[in-house]
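These are my notebook entries on one structure.

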2 protein chains.
Amino acid sequence: LDRTRPSQGRAGSVEEAWAWIDALAAPLGPEQVPVAEAAGRILAEEVRAAFDLPPFDRAAVDGLAVRADETVGAGAYNPLPFRLAPAAGGELPAGAAVRLDAGEPLPRGADAVVPLDRVGAHDGAVCEVIEAVVAGNEVERAGAHGARGDVAVGGTGRRLGPGDIGVLASAGLVGVAVAGRPRVRCLVMEGAVDAGVPLPAGAVYDADGPMLGALIARDGGVAVARARVARDRAALCDALGGVVADMVLVVGGTGRGSNDHAAAALAEAGELAIHGVALRPGETAGLGRTAAGVPVVLLPGAPAACLWAYEMLAGRAIRRLGGHDPALPFARVEMTAARKIVSELGMTEVCAVRCVGGGGAEPLAPFAEAGLKAVTEGDGFVLVPEGSEGYQKGAAVTVYLYDERGRAQS
Amino acid sequence: LDRTRPSQGRAGSVEEAWAWIDALAAPLGPEQVPVAEAAGRILAEEVRAAFDLPPFDRAAVDGLAVRADETVGAGAYNPLPFRLAPAAGGELPAGAAVRLDAGEPLPRGADAVVPLDRVGAHDGAVCEVIEAVVAGNEVERAGAHGARGDVAVGGTGRRLGPGDIGVLASAGLVGVAVAGRPRVRCLVMEGAVDAGVPLPAGAVYDADGPMLGALIARDGGVAVARARVARDRAALCDALGGVVADMVLVVGGTGRGSNDHAAAALAEAGELAIHGVALRPGETAGLGRTAAGVPVVLLPGAPAACLWAYEMLAGRAIRRLGGHDPALPFARVEMTAARKIVSELGMTEVCAVRCVGGGGAEPLAPFAEAGLKAVTEGDGFVLVPEGSEGYQKGAAVTVYLYDERGRAQS
């Protein structure tokens, strides 16, 4: 009988774990990606326009390019004739107009556009302007959308949206420097079975691997091939020693039982900084790094504990490595506890809740009892801090919503 | 000189355009995807568990599986001895205990687990239990995370999150039925130049293509290869006739000038339902369908107008086709107008705003003037409905935020 073994890592609060992560996980260096693939990435360097946007004065609408001062006095009862000149090249002759489609450059000398519905009779060679326009009328000025040398898209740390992609493309850029995506290696303890084979007696299917893949992708990481590792200290030491990645997640074997080697292996293969986090679910989680300095998070194997140790610890590290906002990636809303929410003093507890009528958040069965069902049946969660025993019915609580939209508006 | 030509489509309000979209764009049929790739997809059919989750009663912690009634009276001053029996197979003999790691199945006859820290002296064959436990203590019951036949993940229309992926994987599923992703074909009028070549005089780089790629992906669509089409009615008719996609975006040529053929081509190649939407920017947008019934949205070529016609019209259609929430995909917050916001009566106007101190939303220069700069320099937008001339300084306004988190919390 193996008794509880002392861990070589100190236990820590969630805040201590965050401080450790924040000190270690600095954003990766930038990489160049095609503009067309940069949406959702984090801008690494501000982008300045190499030329004016638009590059020239141009017609904002379909119409006639004219010299504004030649339209003075024009009106429905005083149509003024203009000779139609060819669009391309040269200076706009006096008394002439050029037919432009929206977006076409103004000829030299023209300073206004008369929209087509302010043009009267015409015979192909001459047309009549029936409204006076001022200089600049329906003209998009060169540089109005961004002057040469100005910041076109900034600043560093910005998450590029579709509009940003449009501006980068307008500026003629092929590529843009964005924060690198952390490559995350999952080392999963042998035991659980992959889907697609019949379930042997006493075994369960692996939930952690597919779930972590989804989480890593959501947080901007790249899950590099998952490896199964024997439940054996030496095997895990070997795996940690050979890792080529920006971050490692060791899944399972984080407890202190006979079959748990994650903490000891990490202590041997590198550094075990924290083992045991005052977090529920997830209290057997750990933090450290390999001998090569790659950050490692030890995640419990039980799916709900794995999920919350990821959300509260590993996800933060991955988001920081990728230059994203390290905060929890959920919309927050203020609600009231529809029933009492109970938590143990000294533990940061994740309490699953369901949104009920009138802005109420109703606590669901704890994760320890309901497992991931408390996620699939809930709308979000409340974090009860270490120093709190929970919330009375009717107390104000901050709810983190799994799905920002749908639920938030219902 | 071509004068403004009548359009064959009627003009419509944004609400009329939405009604048309909602009537036409029904969710595509489901497709089967691997569970590991299903995060973010829309569940098409509820999933029921084919077996209990977990499949058997198991230890929730490392400890000793016992018969609870045999621990009655145990205490630190009255340790009760239990014989250690082998883990595998058979019934738990009377007076015996089995050492289990968390997650291992309970032997038949056992009904409780004594955690290791409640186990006293032991010599490898016999161990002492120093605390009485009740039946069910530290046992995860079969079916506690989901009973056989119950809905494991529901209901239809749910956007699958990482926790859902975990449950689907626990249930041993290889694939899951999700709403199909609409294939969206962009037909872009020739004119703008792709990045990577020097800019000819009088030309601009294409912003719309890359921007639309990002938008389509954000809304769950698949952008199928973009095609450039000559600014020519027959060429566009041909392209519309040969389209193989769930949705078509025609980009550019939506006006009524000499060079604008989008509306006429769509009227000829299928149906032009609405041309001219009371939306700014984006008022030359149109809606219709090909002869084969594929929905078509005509988007103006000017980037800001293209963006907002997409956001207000095309995006809704794509989200509906893919089974997503059709509403605008932005977090909404209530703020106050930091300055007067002016809009033309009769037009739904998109007004760019920047978040300033004290919950204020400051209007930026209009898109017609600043182009996409009003997006890159802003935090979000206010929609001024058709029947409103805008908002006084200090009025309550609903701001749609480009980036739900970062900005919302600042």
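**Entry 1. A surface pair in chain A**

I began with A:Arg108, which is exposed at a relative accessible area of 54%. I took buried as under 20% relative accessible area, exposed as over 50%, and partly exposed as in between, with a 1.4 Å probe and protein chains only. The model is predicted, so local features need pLDDT of at least 70 and side-chain atom pairs count only at pLDDT 80 or more, while totals for chains, interfaces and linings use all residues. Residues are numbered from 1 along each chain as its sequence is written, chains are lettered from A and ligands numbered from 1 in the order in which they are written, and side-chain values use heavy atoms, with hydrogens and water left out.

Which residue forms a salt bridge with A:Arg108? I found A:Glu91, with the closest N and O atoms 3.5 Å apart. For a salt bridge I required a side-chain nitrogen of Lys or Arg within 4 Å of a carboxyl oxygen of Asp or Glu. Helices (H or I, at least four residues) and strands (E, at least two) are DSSP runs, numbered from the N terminus. At 46% relative accessibility, A:Glu91 is partly exposed.

**Entry 2. Other salt bridges**

I next searched the whole structure and noted 49 salt bridges over all chains. One of them joins A:Arg320 to A:Asp22, with 3.7 Å between the closest N and O atoms. A:Arg320 belongs to helix H6 (residues 303–321) of chain A and A:Asp22 to helix H1 (residues 14–24) of chain A, so this pair ties together parts 298 residues apart in sequence. A:Arg320 is partly exposed at 22%, and A:Asp22 is partly exposed at 26%.

B:Asp246 sits in the loop between helix H4 (233–241) and strand S16 (247–251) of chain B and B:Arg183 in strand S14 (residues 183–189) of chain B, so the pair ties together parts 63 residues apart in sequence. B:Asp246 is buried at 16%, whereas B:Arg183 is partly exposed at 35%. Back in chain A, salt bridges with shared partners join A:Arg67, A:Glu70, A:Glu91 and A:Arg108 into one network.

**Entry 3. The contact between the chains**

I then turned to the interface. Contact, meaning heavy atoms within 4.5 Å, takes in 81 residues from chain A and 80 residues from chain B. How many salt bridges does the rule find across the interface of chain A and chain B? I found zero. The two chains bury about 6000 Å² between them, 58% of it on carbon and sulfur atoms; buried area is the accessible area (1.4 Å probe) that two parts lose on being put together, summed over both.

On the side of chain A that touches chain B, the elements giving two or more residues include strand S9 (119–122), helix H2 (162–170) and helix H3 (208–218) of chain A. H2(A) gives the most, with eight residues.

I also compared the copies. Chain A can be laid on chain B with an RMSD of 0.1 Å by a turn of 180° and a shift of 0.1 Å along the axis, which is the relation of a two-fold axis. The superposition is by least squares on the C-alpha atoms of residues with pLDDT of at least 70 in both copies. Of the interface residues of chain A, 99% are also interface residues in chain B, so the copies meet through the same surface.

**Entry 4. Helix H2 of chain B**

I examined helix H2 (residues 162–170) of chain B and noted that nine of its nine residues are buried. Among them are B:Ile165, B:Val167 and B:Leu168. Their cover includes H3 and H8 of chain A, together with strands S3 (47–48), S12 (151–153) and S13 (175–179) of chain B. Just after H2(B), B:Gly172 takes a positive phi of about 80°.

**Entry 5. A:Asp208**

Last, I looked up A:Asp208, which is placed in helix H3 of chain A. Is A:Asp208 buried or exposed? At 5% relative accessibility, A:Asp208 is buried. Leaving out residues up to four places away in sequence, A:Asp208 touches A:Val251, A:Pro300, A:Gly301, A:Ala302, A:Pro303 and A:Cys306. The C-alpha atoms of A:Asp208 and A:Arg118 are separated by 67 Å, the two residues being 90 apart along the chain.
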